[in-house]
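Here's a quick briefing on a structure, covering a pocket, some charged contacts and a surface patch. Have a look at the model first, then read on.

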Amino acid sequence: MSAVVTVTLNPAIDQTVTLDALKPGGVHRARAVWADAGGKGVNVACCLADWGLPVVATGVLGQGNAAPFEQLLAAKGIDDRFVWIPGETRTNLKILDAATGETTDVNLPGLDVGASTFETVRAVLGDLAGDGCLVVLAGSLPRALPPDVYARLGRELKARGARVVLDASGPPLAAALAAGPEALPYAIKPNRHELEEWAGRSLTDPSQLLEAAQRLQGSGIPLVVVSLGAEGALFVAAEGALRALPPPTRVSSTVGAGDALVAGLVAGLHDGLALPDLARRALAFAAGKLSRTGANLPGRDAVEALARDIRVEWQG
């Protein structure tokens, strides 16, 4: 049984293209191109491995382009418990505009994952997850799977005593939040837009954002973290609510910064940190990743130094 398990049902090879400036309809010459084996759960696992935590990664991968994932998991020392099926794992295109720093995503369709493959993943999870285990359910779902997959997994994992950290959006997130108290995750990380979708209204004012996050936490989720990009993140738990503000950071790539935040959150939960220190660690992971391409953290000393520079402010 592992202390940390990540689940990626719809992974991807992220191909990032850097342009001097993105002009829709124009012809561009790429300044740089690189590819990273990824997907939200894979990225979280990589950051946790860099931090030094033993982590197991599972989900579904295609046999047709296995090499990038095999090499990454082996290099990071991640226990590979993926279910490998015929076909190729999808490639996602990320277009980085060097002039603005903005990234445009083009996410391609994933593998055809049928019910039998999903049942195999469930069986793997049954072997890996138990009382006290942290399980990260992250990312989109393959098109053939119904949107209640995370809700079903959450119910089963919670019954086993595992703590589920969910990072999803759209119908899978809505289904998980509506599944009832026995299936609710331990922690969730919506961004502002995802929280607005749940609340059913715009949340432009900080007080509106806080009220919605507190309502979500009050529905039965012990920890709600709202990622706000350059504005940091809002953390809401039983002990209160606080805002964590990131330090000035040299940005090499924003790709995977949200996944690094989730990894920092998991690392903090693993160590039983109090809310202010948990927030500092989560933001430090995200800030550390911004200085690197791919799902990579700087050394532990550098991440801890970043954490000391992160300001936290109690809210409400």
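Predicted model: local features only at pLDDT ≥ 70, side-chain atom pairs only at ≥ 80, totals over all residues.

**Second largest pocket**
- The second largest pocket holds about 160 Å³ of space.
- Its lining has 13 residues, and closest to the centre sit Tyr 186, Leu 223, Glu 239, Leu 269 and Leu 278.
- Helix H8 (257–270) and helix H9 (275–290) are the elements that each give two or more residues to this lining.
- By type, the lining splits into 10 nonpolar, 2 polar and 1 charged.

**Salt bridges**
- The whole structure has 19 salt bridges.
- Glu 119 pairs with Arg 152, with the closest N and O atoms 4.0 Å apart; this ties helix H3 to helix H4 (residues 149–159) across 33 residues.
- Arg 152 also bridges to Asp 148, again with 4.0 Å between the closest N and O atoms.
- Both belong to a salt-bridge network made up of Glu 119, Arg 122, Asp 148, Arg 152 and Glu 156.
- Over in helix H9, Asp 277 and Arg 280 are 3 residues apart, so about one helical turn separates them; their side chains meet in a salt bridge at 3.1 Å, N to O.
- Asp 277 is partly exposed at 40% relative accessibility, and Arg 280 is partly exposed at 24%.

**Nonpolar surface patch**
- Leu 93, Val 106 and Leu 108 make a nonpolar surface patch of about 190 Å².
- Leu 108 sits in the loop between strand E8 (103–106) and helix H3 (115–128), and is partly exposed at 35% relative accessible area.

Note on methods: Residues numbered from 1 in each chain as written. Heavy atoms only, no water. Patch = residues over 30% accessible without salt bridge, like charges linked within 9 Å, V, L, I, M, F, W, Y side chains within 5 Å. Areas by Shrake-Rupley, 256 points an atom, 1.4 Å probe, with all protein chains shown as cover. Helix = DSSP H or I, 4+ residues; strand = E, 2+ residues; numbered from the N terminus. Buried < 20%, exposed > 50% of the residue type's maximum accessible area, 1.4 Å probe, protein only. 1 Å grid on protein atoms, 1.4 Å probe; cavity = no way out; pocket = protein on both sides within 12 Å on 5 of 7 lines; lining within 4 Å. Points joined across faces, edges and corners; volume = space filled by probe spheres on them. Nonpolar A, V, L, I, M, F, W, Y, C, P; charged D, E, K, R; others polar.
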